[in-house]
Amino acid sequence: MAETVEQWWNGIETYLTTGITNAASEGNNRLIKLEARNAFGFRNRANQRLRSRCATTRRSRREEHPPKFEDPV
């Protein structure tokens, strides 16, 4: 384990001092790859690209329009 920590120490130290990670970009890459696999067979490449973009922006679009709940009274 010490070898691994030593190998990754620059990244670990950067995170400890700044608190910044690349988790958001890694998450987006995972979603894009998942959507690309789901969209395999799309004949139109633009539609596949649009589907990937929609998948990676769902959270921001959801926060702009929070769900409205009505009282059942």
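Thr57 counts as partly exposed because its relative accessibility is 27%, where buried means under 20% relative accessible area, exposed over 50%, and partly exposed in between, with a 1.4 Å probe and protein chains only. Thr57 is placed in the loop between helix 4 and helix 5 (58–64), and its C-alpha atom is separated by 8.9 Å from that of Asn28, although the two are 29 residues apart along the chain.

This is a predicted model, in which local features need pLDDT of at least 70 and side-chain atom pairs count only at pLDDT 80 or more, while totals for chains, interfaces and linings use all residues. Residues are numbered from 1 along each chain as its sequence is written, and side-chain values use heavy atoms, with hydrogens and water left out.

The protein chain has 5 helices and 0 strands, and from the N terminus on its elements run α-α-α-α-α; helices (H or I, at least four residues) and strands (E, at least two) are DSSP runs, numbered from the N terminus. Of the 73 residues in the protein chain, 5% are buried. The accessible surface of the chain comes to about 7300 Å², with 54% of it belonging to carbon and sulfur atoms, as computed by the Shrake-Rupley method with a 1.4 Å probe, where for residues only the protein chains shown count as cover.

Part of that surface is a nonpolar patch formed by Met1, Val5, Trp8, Trp9, Ile12, Tyr15 and Leu16, which together have about 800 Å² of accessible area. Patches are made of residues with over 30% relative accessible area and no salt bridge, with like charges joined within 9 Å and nonpolar side chains (Val, Leu, Ile, Met, Phe, Trp, Tyr) within 5 Å; a salt bridge is a side-chain nitrogen of Lys or Arg within 4 Å of a carboxyl oxygen of Asp or Glu. Helix 2 (residues 9–18) gives the most to this patch, with 4 residues. Tyr15 lies in helix 2 and is partly exposed, with a relative accessible area of 44%.

In the loop between helix 2 and helix 3 one finds Thr21, which is partly exposed at a relative accessible area of 48%.

Further along, helix 3 (residues 23–38) and helix 4 (residues 45–56) pack at an angle of about 140°, with their axes 9 Å apart; axes are lines fitted to C-alpha atoms, for helices over the stretch in contact, and angles run from 0 to 180 degrees between N-to-C directions. That makes helix 3 oblique to helix 4, since angles under 35 degrees count as roughly parallel, over 145 as roughly antiparallel, 65 to 115 as roughly perpendicular and the rest as oblique. Within helix 4 is Ser52, which is buried, with a relative accessible area of 10%.
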